[in-house]
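Trainee: I've got a model open and I'd like to talk through a few of its details. Can we take them one by one?

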Protein chains: 2
Amino acid sequence: MKQPAAGFTNFELTREFFHLPPGLTYLDGNSLGPLPRKLPASINRVLAEQWGELLIGAWEQAEWMVQPFRTGDRIGDLIGAPPGTVVVGDTLSVKVYQALGAALAMNPGRRIVLTDSGNFPSDLYMAEALLKTVGEGHQLKVVPPTEVCAQLNEDVAVLMLTEVDYRTGRRHEMTTLNKIARECGVITIWDLAHSVGAIEVDVSGSNADFAVGCTYKYLNGGPGAPAFIYVSKAIIDSVESPLTGWLGHSAPFKFSPSYDPGPGIARMRIGTPPVVGLFALDVALDVWELATIGDVAQRAAELTQSFIAGVERTCPEIELASPRDPASRGSHVSFRHPEGYAIMRTLIANRVIGDFREPDIMRFGFAPLYNGDGCVSTAIQELRKAIDLKPWESECFKVRAAVT
Amino acid sequence: MKQPAAGFTNFELTREFFHLPPGLTYLDGNSLGPLPRKLPASINRVLAEQWGELLIGAWEQAEWMVQPFRTGDRIGDLIGAPPGTVVVGDTLSVKVYQALGAALAMNPGRRIVLTDSGNFPSDLYMAEALLKTVGEGHQLKVVPPTEVCAQLNEDVAVLMLTEVDYRTGRRHEMTTLNKIARECGVITIWDLAHSVGAIEVDVSGSNADFAVGCTYKYLNGGPGAPAFIYVSKAIIDSVESPLTGWLGHSAPFKFSPSYDPGPGIARMRIGTPPVVGLFALDVALDVWELATIGDVAQRAAELTQSFIAGVERTCPEIELASPRDPASRGSHVSFRHPEGYAIMRTLIANRVIGDFREPDIMRFGFAPLYNGDGCVSTAIQELRKAIDLKPWESECFKVRAAVT
């Protein structure tokens, strides 16, 4: 992608790329990014001009069949993945399963999959299910995030982590962990759900083996947008996918009765690409022609620092749950309060949109592509007001909370 | 869904539901159904009014979260599945894997998965991969379609078939096979890719255990539209999915570290629903408010019979590859010719769209929702012309075929 020179991202331009309802302070792009303004018209063209006019011919004529690679390469630009190492499709949970199955096959003599309690639950569920299917005494070892490094050794088959914790924003040191993992012969899988489009990641430079991620958060691909998977160039022609769908075949349209994996990243495809969702994502990625990930990450650090400072100054009764050093976290920050749920409901009612994660975490995502200083000050001010209201004492709130 | 009384489907009305380019004879709805006219405007509303205005709140306020069940119930109406037994999501290959993993867990003492050589290759690939992951001596036994019945016995764990053969249209006797399977304690999985929306299917009445299908063929859901899975009510609360994504959890937003399957069909969800593709499919299903599946199936039998008779009369040099009895086939018919590829390319160039399947099969799908008698006569006439042209002798064709 063509991009501005580093340091020259114009955030007023990127802000204009998105539609945001007037008066809304949207700090939940870490869950679902906002709608790119031009997206409906672009999707209309895919529907009317491609599907409508070309019908089945569009797979070739509109190049639908290769779009998962093209969009994959654009995502690759944001995470340090060279062309031909990323492909788009499926949900993140399915991609986690696929990466883990392929990784286990690379370390057949080892039985332990190491992960941490900060991993996203779905990653843990999928891993548990896969290990149960594999049998053979495989074990998912879940340790606290701080103990991951100490637990890396020659018994571990795969290290599977989410780089940025979905609750606290705590960020793992990917480069260090990959280095130690490699020394121990451990295959690495990184879930970049809360990293891609938010912070600088270099999967290739840091020697990650696999990476996966979703695209509806900081990539603004839309609700349920397809996920992606990265496989390192060094192993891409030898990995064995545990989910061998026909589009991962070397010649899908030969309809051979036996499976032969496609070249490189093609083998990580599974079924028919989700064309409409894929093009929606591709349109959303156009914003990266106006911005560099370095500028975005730096600006996010400024916004989150400013938010933390402001909240701690004005709301001393709530506790920071995120690392204080911006280099040690992603693009969202979290605060704890025993009544966090009630406070967040009140904030949302007052048009400051963050979200709540059990048991007591209030999350605020800052996406500099569309969030600026105004969002920081409004959020601080409304947070103070929401706490002062003591919404958890209101009878009305108690009744509503009991039924939801 | 509200539907017309049996025998009262107005095919002029259903034809109007779709956009088809003028002058095109589209006989490939068995690969990709055409665009419903109202779909772009409907999707625009989902994008602009729901995603654009409600953002993250749309998961509840626009009821995105329950849409996979609602759309699933509408598909259920077409295959004899009661409400609450079908859910939409993922690709068909992933759903095949999920059904097979769950089915194997129900028959832990048995090692054989019985299928046939008429099954879609991706189903075979996914099954092979799953059995390899399971290990323990599991075996995929692939027999000719005619031998399936004879091979059903107490050694078989799972019978996994595609009801309608993607090449020839040959249809399995689902009711008979399910009855014998049940007597032998065999769990059944039916791939309805070429059945749903084309012929009458009764998964519940015929006692199928699992069914899966795609929605971009006769359901016209659009390119890469999400797949569906059906699980029989009798087993739905005890099946164990091998792909335990967070949305299959009983309480996804509690973010519990351990998996607890959701109630009923909810446990067959995996990741975040593909909202845009899901709504596109839902709009496409509105055509079933104008038509009954019984009327569509009967009309398809008439059209395919008329096509077979016409082709055999005017093109005696090509050989019918489909069963002659309409009750024994789906909604497409196939003919063999050693130069089938060249003939089909010529037909397509002359705006009669069928498709070709290796090694020598020309497929013609008839979808009465938008195909009528005129399509039958045009296709017969153009087929005769295409054969007479002997396109396989043209130098130009040989050169082009060599490079594609």
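This is a predicted model: local features need pLDDT of at least 70, side-chain atom pairs count only at pLDDT 80 or more; totals for chains, interfaces and linings use all residues.

Trainee: Helix 4 and helix 9 of chain A pack together, so are they roughly parallel or roughly perpendicular to each other?

Mentor: Packed helices are described by the angle between their axes and the distance between the axes. Here the angle is about 30°, and the axes are 10 Å apart. Angles under 35 degrees fall in one class, and therefore helix 4 and helix 9 of chain A count as roughly parallel.

Trainee: And what is the handedness of the crossing where helix 4 of chain A passes helix 9 of chain A?

Mentor: Look at who touches whom to find the spot. A:Gln67, A:Pro68 and A:Thr71 on helix 4 of chain A meet A:Leu278, A:Leu281 and A:Asp282 on helix 9 of chain A. By class, that contact has three nonpolar, two polar and one charged residues. As for the handedness with which helix 4 of chain A passes helix 9 of chain A, the crossing is left-handed.

Trainee: How many residues of helix 9 of chain A are buried?

Mentor: Helix 9 of chain A spans residues 275-284 and is mostly covered. Its buried residues include A:Val275, A:Phe279 and A:Asp282. The count of buried residues in helix 9 of chain A is ten of ten.

Trainee: Which element of chain B do those buried residues pack against?

Mentor: Within chain A, the buried residues of helix 9 pack against strand 3, helix 2, helix 4 and strand 4. On the chain B side, the partner is helix 9 (275-284).

Trainee: Is B:Asn220 buried or exposed?

Mentor: B:Asn220 sits in the loop between strand 9 (210-213) and strand 10 (228-231) of chain B, and its phi is near 60°, a positive value in a residue other than glycine. The cut-off for buried is 20 or more C-beta neighbours within 10 Å. B:Asn220 has 28 inside 10 Å, so it counts as buried.

Trainee: And what does A:Arg351 count as?

Mentor: A:Arg351 also has a positive phi, near 70°, and lies in the loop between helix 11 (340-349) and strand 13 (352-353) of chain A. With 14 C-beta neighbours inside 10 Å, A:Arg351 counts as partly exposed.

Note on methods
Residues are numbered from 1 along each chain as its sequence is written. Chains are lettered from A and ligands numbered from 1 in the order in which they are written. A residue is buried if 20 or more other C-beta atoms lie within 10 Å of its own, exposed if 12 or fewer, and partly exposed in between; C-beta atoms are placed from the backbone. Helices (H or I, at least four residues) and strands (E, at least two) are DSSP runs, numbered from the N terminus. Two residues are in contact if their C-beta atoms, placed from the backbone, lie within 7 Å. Axes are lines fitted to C-alpha atoms, for helices over the stretch in contact, and angles run from 0 to 180 degrees between N-to-C directions. Angles under 35 degrees count as roughly parallel, over 145 as roughly antiparallel, 65 to 115 as roughly perpendicular and the rest as oblique. A crossing is left-handed if the near helix is turned anticlockwise from the far one by less than a right angle, and right-handed if clockwise. Ala, Val, Leu, Ile, Met, Phe, Trp, Tyr, Cys and Pro count as nonpolar, Asp, Glu, Lys and Arg as charged, and the others, Gly among them, as polar.
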